[in-house]
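Morning, everyone. I have a few minutes on one structure. Let me put it on the screen.

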Amino acid sequence: MKRAIIPVASMLAIQVMISVSVLSLSVMMPAVARDLAIDPKLVGVFTAIIYAVAAVVALAAAGPIVRMGAVRVCQAALLMAAVGLALNAMALVAATVLAVAFIGAAQGPINPASAHVLAQRVPREWFGMVFSIKQTGVPIGFALAGLIFPFLLGWVGWRGASLVAAGAAVLAALLIEPLRSSLDVIATTGRPQIGILRSIRFVLGHAQLRVLGWSAFVYVIAQHTFTFYLVTYLYEHCGLSIARAGFVLAASQLVGTGVRLLSGGMGDRVPRMQLLGWTGVLMTVGCIATGLLEADTPFWLITLVVVAYGAVVISWNGTSQAEFAHLAPLGEAAAVAAVQTALAFSGAGFGPPIFALIAAAASYRMAFFFVAACVLVAAVWQIAAARRPQAA
């Protein structure tokens, strides 16, 4: 495990920076929407663009990761995020649409690249904990975005905040350069053993991976409708300020970081699919409770409900990725992880616009109830599948 410390730390840091970039527009959306004269609910459309692009890039990432090296691909991703953030500072609707496409391209290869690096250096009995540690970069990055961007909004405005984040992404790409020679030594010695179409057939034809993949699609809908709509929901529906809403988001992400690590550790000791199924049951309860919040709900109760839901709704991804890596054929972790990532990101692409449509046509409450129903179906499916003997 000692040789895994630097790889895990570097992949974690990269994930944090990418996650900050991904959530930046959502946190600033009330201010951006006001200046660009657009509906704040368009954050769902922008989120869909991010993850639609990310899903496509994730599927295409396995080959370049093996040929060029995972760290080199991550550096390219960080630079794409920087370009997207800089474009957003132009304060034009068209530029913002292009910006989220660049940020989506930056998001796509991170999970396959991390799987490729970590699967070669970490014992399989530690996959749950290590992949969950790496995935804590998502809530940490989201928490930082929830804390930093409201502060930057008051200091340099949302355009200045975008440029500050772009500079940070460029700096991160430069800082990981010294690690490339050591981390990419293994990555550049082989060739992809299977094509991406064969990887898709393998995943969808595997009894356990098929359930895990489609459940990840659904769970991400819950995760990202929560994360990307929370500030706007609390601002519009519950009457909180952007700063207070950002604080609640940050608190949920920080608590979720600990829960994610707990889930990863448990996944190394109990059947991961069963754990993921019961996690979905808790997500269902939290989603319903969040949808029941009102404008006159006390702030302490809003915080309690949102933090509890947020902690569980972001806890599952590292455990899911660990099981994918565990079931992947030897040397093909990047290709199989690319399929899992594409399925998850597809859920992130479909979910927020549907959530926005239901919220606009009916109410936020009905949108949350719809998500809860979908999650419950996926949770029951995984619990049932965990009771069957594993077979491909």
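Start with the lining of the second largest pocket: seven residues are nonpolar, three are polar, and none is charged. Keep in mind that this is a predicted model. Which residues are they? V259, L262, S263 and M266 line the pocket, along with L275, W278, T279 and L282, plus V312 and S315. Now the helices. α11, residues 242-267, supplies at least two of the lining residues, and so does α12, residues 272-291. How much space lies in this second largest pocket? About 170 Å³. As a general point, rolling a probe the size of a water molecule over the atoms shows where empty space is left.

How many disulfides does the count come to? Take C287. The nearest cysteine sulfur belongs to C374, and that sulfur is 9.4 Å away. The cut-off for a disulfide is 2.5 Å between the sulfur atoms. So C287 is in no disulfide. Is C287 buried or exposed? Its relative accessibility is 1%, so C287 counts as buried. C74 has a relative accessible area of 1%, and C74 is buried too. The cut-off for buried is under 20%.

Last stop, helix α2, residues 43-68. Where does α2 bend? At A61, by about 45°. Then look at what comes after the helix. G69 follows α2, and its phi is positive, near 105°.

That's my tour. Back to you.

Technical notes:
Residues numbered from 1 in each chain as written. Predicted model: local features only at pLDDT ≥ 70, side-chain atom pairs only at ≥ 80, totals over all residues. Heavy atoms only, no water. 1 Å grid on protein atoms, 1.4 Å probe; cavity = no way out; pocket = protein on both sides within 12 Å on 5 of 7 lines; lining within 4 Å. Points joined across faces, edges and corners; volume = space filled by probe spheres on them. Helix = DSSP H or I, 4+ residues; strand = E, 2+ residues; numbered from the N terminus. Nonpolar A, V, L, I, M, F, W, Y, C, P; charged D, E, K, R; others polar. Buried < 20%, exposed > 50% of the residue type's maximum accessible area, 1.4 Å probe, protein only. Bend = angle between axes of the 7 residues up to and from the residue.
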